[in-house]
Amino acid sequence: MRPKYMQLPRGVMVGRKTISKVNELCRDLQLEGRALIVSGPTTYGIAGEKLQNLMEEEHDVEVVITREGSLEEVERIKKIVHDKGVDFLAGVGGGRVIDVAKLVSKETAREFLSIPTAASHDGIASSRASLKRGDSSVSIPARAPLGVLADTEIIRKAPYRLIASGCGDIISKFTAVKDWQLAHRIKGEEISEYAAALSLMTAKIIMDNRNVIKKKREESTRKVVKALISSGVAMSIAGSSRPGSGSEHKFSHALDSLTSTPSLHGEQCGVGSIMMMYLHGGDWRDIRDALKRIGTPINAEELGISEDLVVEALRKAHLIRPQRYTILGDRGLSRDEAVNLARSTGVI
Ligand SMILES: [Zn+2]
């Protein structure tokens, strides 16, 4: 067996008004010197500016606003890190911002703090970044954040659709793990039982709380955030996104590549998971019920896409990361099979 390397966050703070404890966290993690805050145009106003004011009490602080999660942005910010003599980074914003900060952190060998303003996907604490290269999106090994600061007060105020999407991403772990187990059984792929169990547990917690998440209480926000962090940790334990990304993610990535106006990542993965669970012969109705109660899309209409697009994405999904074996097999689905699958599960 190959030696294993797991990179995990060292300090995680989740709760109300935790943003005010940023300097405490920095001291604890021995983050000193000049900080670069990476934020987004909207999220800077929501949390970035406040973070800047707080951090300026103890650090020299530079700020950069990033508009897109692309490799060009990573290059631009790397230059700022070198030109300004930055010692560490703080990514404050949504998934794009955190993924950019994550890769800059790896490529400049600087530590970074992950400070999410929404709970829409599980990149918060993972060591992988999903970024744009030209028209396609790529998943790149990056660096796990040294610290995670999740202020549930800020996250709770984000549009509900974002947290619902995060739940879709977590629920989709059921099929991701099933795909992994399948690849283990028939392709001999190495599997980490710990990573698989942790990933399944996060999905189960969200399923069990399907009726309370919509109420947007601090407690349920905290549950979703913790599940997203644990899911990222599961991927770090596995050393790949395997525990969190299977055929349902391939479906979502295929949609991204087929339309210029995709829905949210977790929304697409949720719908993908309904269909892939049907193929696995598992309880796909339960997944659909949970997504519905949480208030995230369960069909093409609610995703705002055409039936043809669903069928096309199903047919193309196996071509995404073809080396990652899933229930879609090496050949994928024919048109008739894809139509059947989408109809049988009420997606079209
Ligand atoms: Zn995902």
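Trainee: Does Gln30 count as buried or exposed?
Mentor: Gln30 has 9 C-beta neighbours inside 10 Å, and a residue is buried if 20 or more other C-beta atoms, placed from the backbone, lie within 10 Å of its own, exposed if 12 or fewer, and partly exposed in between. Bear in mind that this is a predicted model, in which local features need pLDDT of at least 70 and side-chain atom pairs count only at pLDDT 80 or more, while totals for chains, interfaces and linings use all residues. Residues are numbered from 1 along each chain as its sequence is written. With its 9 neighbours, Gln30 therefore counts as exposed.

Trainee: What phi does Gln30 have?
Mentor: Gln30 sits in the loop between helix 1 (22-28) and strand 2, where helices (H or I, at least four residues) and strands (E, at least two) are DSSP runs numbered from the N terminus. Most residues other than glycine have a negative phi. Although Gln30 is not a glycine, its phi is positive, at about 55°.

Trainee: Which loop holds Ala109?
Mentor: Ala109, which is not a glycine either, also has a positive phi of about 55°. Because 8 other C-beta atoms lie within 10 Å of it, Ala109 is exposed. Its place is the loop between helix 4 and strand 5.

Trainee: Which strands stand at the edges of the sheet?
Mentor: The sheet is an open one, in which 6 strands with parallel pairing follow the order 1-8-5-4-2-3; two strands pair if DSSP finds at least two bridges between them. A strand with a single partner has one side left without a neighbour in the sheet, so the edges are formed by strand 1 (11-15) and strand 3 (60-65).

Trainee: Which residue of strand 3 is the bridge partner of Val38?
Mentor: Strand 2 (residues 34-39) runs parallel to strand 3 and is joined to it by 6 bridges, and 5 of the 6 residues of strand 2 are buried. For Val38, the bridge partner in strand 3 is Val64.

Trainee: How far apart in space are Ala142 and Ser127?
Mentor: Ala142 lies in the loop between strand 7 and strand 8, and it counts as buried because it has 26 C-beta neighbours inside 10 Å. Beyond its neighbours within four places in sequence, Ala142 is in contact (C-beta atoms, placed from the backbone, within 7 Å) with residues including Lys102, Leu103 and Ser127. Ser127 is 15 residues from Ala142 in sequence, yet the distance in space, C-alpha to C-alpha, is 5.3 Å.

Trainee: How many residues of domain 2 are in contact with domain 1?
Mentor: The domain assignment, whose bounds come from an automatic or database source, gives domain 1 (11-157) and domain 2 (161-344). Their centres, taken over C-alpha atoms, are separated by 26 Å. Across the boundary, 24 residues of domain 1 are in contact with residues of domain 2 that number 28.

Trainee: Which exposed residues lie on the face of helix 15 turned away from its buried side?
Mentor: Helix 15 (residues 335-344) has Ala338, Leu341 and Ala342 as its buried residues. These cover an arc, taken from the directions from the helix axis to the C-beta atoms, of only 95°, which puts them on the same side of helix 15. Their cover includes helix 11 (265-280) and helix 14 (307-316). The face turned away from that buried side carries the exposed residues Asp336 and Arg343.

Notes: Contact = placed C-beta atoms within 7 Å.
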